[in-house]
Structures are given as C-alpha cells and as structure tokens.
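Please consult the sequence and the model alongside the text.

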Amino acid sequence: MTIHAQQRFDSLIEADERIEPDDWMPEEYRQTLVRQIAQHAHSEIIGMQPEGAWISRAPSLHRKAILIAKVQDEAGHGLYLYGAAESLGTTRAELLDRLHTRRQKYSSIFNYPTPTWADVGAIGWLVDGAAIANQVPLCRCSFGPYGRAMVRICKEESFHQRQGFQILLRLTEGTAEQKQMAQEALNRWWWPSVMMFGPPDSESVHNARNMAWGIKRFTNDELRQGFVDMTVPQAELLGLTIPDPELRWNDERGHYDFGEPDWEEFARMVRGEGDLPEQRLRVRREAHENGAWVREAAAAYAARQRQAA
Ligand code: FAQ
C-alpha cells in the first residue's frame, strides 16, 4: 500500500463517494464488508424457510402465487448479495461453507416459528418493514456493489411489506377468531423485530467504525426508533395492540418511547440455541447438497461456452 492509496481511500470516504472492488481499501474495511454482506446474504436465504413452510398451505391460489414470488425474491436477494461479497475477493462456496459450519451468522429473526397463516402476514409487515428501515440507508453504503444491490432489494421489500400488511388487514376485517390470530402473530413477532436491528448502541461492536466508513449511516438504536415510529400508526390502522405496556408517544422527543427488549433471548437466538435453529441449518445444508448437480451442470456448461469462444 502506498500513502497515496490510503489518502485516495480516505478522500473518497470523506467526499461520500463510492469505493469500487478494484480500488485499494484497508483490509479491515474489506473484512467487515465481507462479514456484513455475507451475513446479510445468509439471512435472505435462511429467511426463505419460515414463509416457505406456508407455500403448500396458503389459503388460496392467489395467496400461494404471491407467496411463491416473495420467497423467490428472497433467494434473488441472496444471490445479489453473494455476488457483491464475491467482488471483495471471496467465493460463494467459502461463504456458504462458513454458514453451514456456523462460522458466520444469519439474522436472529429467522429462528422463530410460523405456526399460523397470520405469521406469514406478520413477517411481511414487521420483518420486511424492519428490513426496509435498516436497508434504505444501506443504498448509500460507501461500497458500490453493496449499495447498488440494496436499491433493487429495497424496492422488492416494499412490495413484501405491503403484501404482509394486506394479509393482516384481511384477517382483522374477518371473524373474531381471525382477528385474534392476527393479534397473536403480532405478539410473537413484535419483540423479535425490534431486536433485529442488533444490540443496543452501548453494546454494538461495529457501529462507530462502520459509521465512519459510510457502511452504516445510522446506529442500531436510531434505526430501531425509526421502525417503532413508523409501525405504531400502522398497528393502529389494523386495530391491533402492540405488546408493550411502556409504548407511548413522547411529545418532547417527537418519538415513541418503548420498553426494553429481552436481550438475553436475543443473544440465545444469535447463538442459534435450540431445535429450530438446528433445523434451519439442517434444511439449508440438505438444500445445498441436493443442488450439487445444478452447480456441476452450470460449471460444465460454462466450461463448454469458454471452449467454444
Ligand atoms: N442477528 O456491532 P453490531 C431480511 C451481530 S434480511 C444475528 O451492532 P453490525 C430480509 C453482528 O453481526 C435481515 N446477529 O453489528 C427478509 C455482530 O456479530 P459479528 C438481515 C446479529 O454489523 C425479510 C454482533 O451482533 N439484515 O430480513 C444481529 O454493525 C423477510 C454485534 O453487532 C441484514 O443483515 C441479528 N439481528 O450491525 C428475508 C442487514 N444483530 O458479525 C426473508 C445488513 C447484530 O461481529 C424474509 N446488516 N448481530 O460476529 C446490518 O445492517 C448490520 O450488520 C446489523 C448489525 C444492523 C444487522
């Protein structure tokens, strides 16, 4: 590395311009991006499972078609993100191996079960809603391929969020039993969604440096507050009650105050303790093994194309 390379990197960051894969970058910047982008990609593909479990049980053909499209979108997000991580000099095979051997994480949110159809609505409304709150600022990430991938992902997440809200709206307009089902799903998914933004700022390892590098634009707590402020009026519109007795509007702050999540539960979910996380990884490893023939066929086809060229 020359002093010139470091200066150029610093001045690009300072000017809020993009770093591209061929540009020189500090090794720590590269490593933190590989970590974040890969864990984001893993979350997208593991995140196919809780909703995927409802494809065969969706209440109508119309709902089934929408759900299939949504779950396929999540697979697509995983692919854009693995592509962005690969541009930093790693391989998709290596990243998947790190997921399969628990050397890299995926989002805690996907370690919760989906016992009813209303949970599918709650994932779309709350989890995709939280994903949008977190990911819209990532469209301005200093690393070009990640920021550009996020633009398309955010557009698709917006559709996902609306379809989830619409599932719940339909249920809340239905019978007392259906409304109850929607409320119970909100009860299950509220706190996990609030925790999805990561540990409180006082505990965050990467906040400060990633903000300075223009990877993160807001801290975990700032994003969490934005999500709560955005979601409360939507819950009111649905006629559902957010399961937090401490939730109230604070005129002075101009934000909602809310209670403290159970951070011990969060830590357990991040560590992947319990049967469900075990199942998530088992299903993922099996899908990978069952897809070996597709990868072999694609590699053989690519080799043939190269020979012909
Ligand atoms: N789960 O220092 P920080 C989706 C870890 S995609 C597990 O604050 P950072 C779409 C963190 O990695 C959802 N681990 O870390 C969809 C770090 O450990 P490490 C995923 C978590 O990176 C919808 C440690 O804690 N979204 O939902 C979690 O600055 C529906 C210390 O934390 C993204 O990945 C967690 N929730 O901030 C799909 C967005 N939170 O790596 C299907 C991109 C933190 O040092 C259906 N990522 N940790 O071992 C980010 O914005 C950031 O990485 C944060 C964490 C905000 C997640």
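Trp54 is located in the loop between α3 (48–52) and α4, where helices (H or I, at least four residues) and strands (E, at least two) are DSSP runs numbered from the N terminus. The model is a predicted one, in which local features need pLDDT of at least 70, side-chain atom pairs count only at pLDDT 80 or more, and totals for chains, interfaces and linings use all residues. Residues are numbered from 1 along each chain as its sequence is written, and side-chain values use heavy atoms, with hydrogens and water left out.

**Buried loop residues**

- Trp54 has a relative accessible area of 9% and is therefore buried (under 20% relative accessible area; exposed is over 50%, partly exposed in between; 1.4 Å probe, protein chains only).
- Between the C-alpha atoms of Trp54 and Lys64 the distance is 8.4 Å, at a sequence separation of ten residues.
- Phe110 belongs to the loop between α5 (92–100) and α6, and its relative accessible area of 10% makes Phe110 buried.
- Phe110 and Gly124 are 14 residues apart along the chain, and their C-alpha atoms are separated by 13 Å.
- Thr219 occupies the loop between α9 (207–212) and α10 (220–238), and counts as buried at 13% relative accessibility.
- Through its side chain, Thr219 makes a polar contact of 2.7 Å with the side chain of Asp201 (a pair of N or O atoms within 3.5 Å; within protein, one must be able to donate a hydrogen and the other to accept it, and residues adjacent in sequence count only if both atoms are side-chain atoms).

**Ligand shell**

- The ligand is surrounded by 35 residues, the closest being Lys105, Val205, His206, Lys216 and Asn220; a residue is near when one of its heavy atoms lies within 4 Å.
- By class, this shell comprises 13 nonpolar, 13 polar and nine charged residues (nonpolar: Ala, Val, Leu, Ile, Met, Phe, Trp, Tyr, Cys and Pro; charged: Asp, Glu, Lys and Arg; polar: the others, Gly among them).

**Polar atoms at the ligand**

- One nitrogen atom of the ligand lies 3.0 Å from a polar backbone atom of Met196.
- A backbone N or O atom of Ser108 is 2.8 Å from a nitrogen atom of the ligand.
- An N or O atom in the side chain of His206 is 2.6 Å from an oxygen atom of the ligand.
- Helices that give two or more residues to the shell around the ligand are α2 (27–46), α4 (61–86), α6 (117–135), α7 (144–172) and α11 (263–271).
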